[in-house]
Amino acid sequence: MHEKKGTVQHKTIIEPFKIKSVEPIRLSTESERTVLLEEAYYNPFLLHSDDVIIDLLTDSGTSAMSAEQWAGILRGDEAYAGSKSWYRMRDAICDLTGFEHVLPTHQGRAAERIIYGMIGGEGKVFISNTHFDTTRANIEYSGAEAIDLPVAIGRDTAAIHPFKGNIDTEALQEVISERGANNIAAVILTVTNNSGGGQPVSMANARETSRICSENGILFLLDCCRIAENSWFVRNREAGFENKSFRAIAREMFALADGAVMSAKKDALVNMGGFLALKDKQLAQECQNMLIITEGFTTYGGLSGRDMEAIAIGLDEVFDPDYLEYRIRSTAYLGENLHKLGVPLMLPIGGHAVYIDARKLYPHIPPKEYPGQSLVCQLYLKGGIRAVEIGSVMFGKYAANGELIPASMELVRLAIPRRVYTQSHMEYVIETFEQILKERNAASGFEIIEEPRFLRHFTAKFSPVLNGVVHSERVIY
Ligand code: F0G
């Protein structure tokens, strides 16, 4: 579109939508929240959402759907077999990904369980730029091993690089030679790299990964739940893509892979859904058996007709240039303002979230006392803001002697739901950080008093470590 002469060049990127339906927020006080947090054992996953003012726990399933998607909800065809909505969803996915075989699942991890359960197992190895937690859990649950090979610069939160989400392709080649190509079940490129700070992956990196995989006969999959956001970064940061549409860029990346797993709860702009899409017919057929046993018949899997209709529409809307521009720029707005305040964070700002470096914010709290959990609790106490720790609570392991092996980074993620919050909500978050910075020296660490064996961050119970006093017992179930 050509700008007319005299057109105002606005600085403000406005939300490219009007609000048609609103959801009230209950404004709680700090003293109320002090009690609520203690009752939730200092784990924000255990809070009632009604007690949260700004919910930045996740960008997953929290999108506001468009009027068009809600209209699609009414049109949803709930037939058990051959639903019109299924064909709409399937066609939208085939058209975007180029993969012929699509399996609808109720969310991303169901697709992960099916494919990784199928190709995983004892002795198998999976390699990724960084496995998301459910991905790793599904792989490990199958008995296989999950190896993360992010580029080294991706672990340096302060370093500026356009594609910190890339996989280290040299290390990839080394691991393949060490372990033997036959033992590698798949290479998974997570775009954008969620656990690695929401950083994008370049097309060049995807191309090189694809080359290495095909040379070695290894299955190459995309974990593509934020593929539209990744495409924004490719177009804006990688030479040669300036004039390509976001959709064309996404298609180009899919064309390099053998299949994709998607949690539609992100870039398909819906509240529930996912899919597995594969090039290979035989692998798809094997997965279909598992789909029918554990999710549902092939033309709905784990979804209702209305969900499938909304996914088909969302997969189209998400590539709208005005939406993507607003989406990436509004996340950057929050991050850049926090950076100006002096909050240590992952730079450059990723697509769906701002990642705070809690180890740098609270240098007096050692990793074994979970500095990220401290920040998450401070955010709730001071502002009623809910965020998630992505550090040693989520990824820490125990050595044989029971000592914690910390994660490589202690991050806290402020994930921005799509089309939900306005700029004034973000101003409120920024003000809350001003307070947190003032009181940073007074923040204390936490210990875990109860935890499950898998994905402990969801349900673990914490207790503050006050004056260095630590409980002696920890219950593991
Ligand atoms: N892969 C990635 C990269 C993800 O971010 C997620 C979910 C999944 C797979 C699993 O999908 O939730 O639909 O089963 N991420 C959410 C988050 C939970 O908060 O980042 P799911």
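Mentor: Two strands pair if DSSP finds at least two bridges between them. Keep that in mind for this predicted model.

Trainee: OK, how many bridges join β15 to β17?

Mentor: There are 2 bridges between strand β15, residues 445–451, and β17. These strands run parallel.

Trainee: Which residue in β17 is the bridge partner of glutamate 451?

Mentor: Isoleucine 476 is the partner of glutamate 451.

Trainee: What order do the strands take in that sheet?

Mentor: The order is β16-β15-β17. The sheet is open, has 3 strands and shows mixed pairing.

Trainee: And which strands stand at the edges?

Mentor: β16 (461–465) and β17 (475–476) do. Each has a single partner strand, so one side of each lacks a neighbour in the sheet.

Trainee: Which way do they point from β9?

Mentor: Ala353, Tyr355 and Asp357 point one way. Val354 and Ile356 point the other way. In a regular strand, side chains alternate between the two faces of the sheet.

Trainee: Which strand do 5 bridges join to β9?

Mentor: That is β14, residues 411–415, and the two run antiparallel. Valine 354 has leucine 414 as its bridge partner in β14.

Trainee: Now helices. At what angle do α4 and α5 cross?

Mentor: Roughly 30°, with the axes of α4 (108–119) and α5 (133–141) coming within 9 Å. That makes α4 roughly parallel to α5, because angles under 35 degrees count that way. The crossing is right-handed.

Trainee: Which residues meet there?

Mentor: Arg109, Glu112, Arg113 and Tyr116 in α4 meet Thr134, Thr135, Asn138 and Ile139 in α5. By class, this contact has 2 nonpolar, 3 polar and 3 charged residues.

Definitions and conventions: Residues are numbered from 1 along each chain as its sequence is written. This is a predicted model: local features need pLDDT of at least 70, side-chain atom pairs count only at pLDDT 80 or more; totals for chains, interfaces and linings use all residues. Side-chain values use heavy atoms; hydrogens and water are left out. Buried means under 20% relative accessible area, exposed over 50%, partly exposed in between (1.4 Å probe, protein chains only). Helices (H or I, at least four residues) and strands (E, at least two) are DSSP runs, numbered from the N terminus. Axes are lines fitted to C-alpha atoms, for helices over the stretch in contact, and angles run from 0 to 180 degrees between N-to-C directions. Angles under 35 degrees count as roughly parallel, over 145 as roughly antiparallel, 65 to 115 as roughly perpendicular and the rest as oblique. A crossing is left-handed if the near helix is turned anticlockwise from the far one by less than a right angle, and right-handed if clockwise. Contact means heavy atoms within 4.5 Å. Ala, Val, Leu, Ile, Met, Phe, Trp, Tyr, Cys and Pro count as nonpolar, Asp, Glu, Lys and Arg as charged, and the others, Gly among them, as polar.
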